[in-house]
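Let's take a walk through this structure, looking at how its side chains sit against one another.

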Amino acid sequence: MIKWEHSVLTLPFGLTGAVLAARGIPNLHTLGWIVVALVAARSAAMAFNRLVDAEIDAENPRTKIRALPAGKLSKQFVLGFVLVTSAILIFAAWELNPLSLYLSPLALAIVFLYSFTKRFTRWAHVLLGVAMGIAPAAAWIAVRGSLDPRILLLTAAVVFWGAGFDILYSCQDYEFDRGNDVYSVPKAFGIRKALWIARGFHVITVMLLAWMVLAFGLGKIAMVGVGLVALLLIYEHSLVKHDDLSRVNAAFFTMNGFISMGFLFFVAADVMLGK
């Protein structure tokens, strides 16, 4: 029901927030519970999304093979999975610090909200970006027990990054969305314009990452990481054409995994070598 690749997309950016907060690698207790919290939150969000979208997925030729519409899992099991992973998130937050614990229900509310947005707004992609973007800020709070406004630059970058690649991904469902009560940027503007909107979002992503590097006083290594993200995004967009969506999955999973992991590596290297 849930692919590990989904966690790989967001987890490295969350860990980037943790590295920045600790100005290095957090202690093992903190690092371990951050990983548990991020994976639990992502798992709860994905399972909840599958539960809410079960009827839509059953009608869509691309998604009808998913576990729930295909009858491989029951709704009762998936609901139980959501409850268990949500409880794991809250417990992990309790292990971290009081502010993390107090904010954990809000984090769950944000990641669950996305599942309903495609029913009333074409900008559901941005809400998905927000659900992903809270990861680095949450990791910062997990380390420091407080929030530094500078980490919100990374949050904003992840928002536009996630929204951009979700627009690319949703182009696959253009025809289905047009014939059903499902909102999306491709349905509203067409695939060609949707691709340009995604490109614009990713330009903003790169600008925000560069701003974040400067705000934290990081050096050339981190800025090389920003350059790497820019190059990978350019390549990602080269894989998707308005008249050829056959390589969307490669762009979605493979390239975005490299982007998040690569940026974490260069930021961590910059912080560690700059000590």
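## Rings that pair up

Rings of Phe, Tyr and Trp (for Trp, its six-membered ring) pair if their centres lie within 6.5 Å; planes under 30 degrees apart are called stacked, over 60 edge-to-face, and the rest tilted. Ring pairs of this sort tie Phe-13, Trp-161, Phe-165 and Phe-263 into a cluster, and the count comes to 11 aromatic pairs.

Before going on, a word on the source: this is a predicted model, where local features need pLDDT of at least 70 and side-chain atom pairs count only at pLDDT 80 or more, while totals for chains, interfaces and linings use all residues. Residues are numbered from 1 along each chain as its sequence is written, and side-chain values use heavy atoms, with hydrogens and water left out.

## Two pairs up close

How are the rings of Phe-48 and Phe-116 arranged? Their centres are 5.7 Å apart and their planes are at 70 degrees, so this pair is edge-to-face. It links distant parts of the chain, with Phe-48 in helix 2 and Phe-116 in helix 5 (residues 98-117), 68 residues apart. Helices here are DSSP runs (H or I, at least four residues), numbered from the N terminus. Phe-48 is buried at 16% relative accessibility, whereas Phe-116 is partly exposed at 37%; buried means under 20% relative accessible area, exposed over 50%, and partly exposed in between, using a 1.4 Å probe and protein chains only.

Then there are Phe-91 and Trp-94, with ring centres 5.6 Å apart and planes at 35 degrees, so they count as tilted. These two are three residues apart in helix 4 (residues 75-96), or about one helical turn. Phe-91 is partly exposed at 41%, and Trp-94 is exposed at 52%.

## The nonpolar cores

A nonpolar core is a set of buried Ala, Val, Leu, Ile, Met, Phe, Trp, Tyr and Cys residues joined through side-chain atoms within 4.5 Å. The largest one has 61 residues, and Trp-161 and Phe-263 are among those with the most contacts inside it. Helices that each supply at least two of its residues include helix 1 (4-22), helix 7 (151-170) and helix 12 (248-273). A second, separate core of 20 residues includes Ala-41, Ala-54, Val-78 and Val-111.

Leaving aside neighbours within four places in sequence, Trp-161 is in contact (heavy atoms within 4.5 Å) with residues including Phe-13, Met-132, His-202 and Ser-260.
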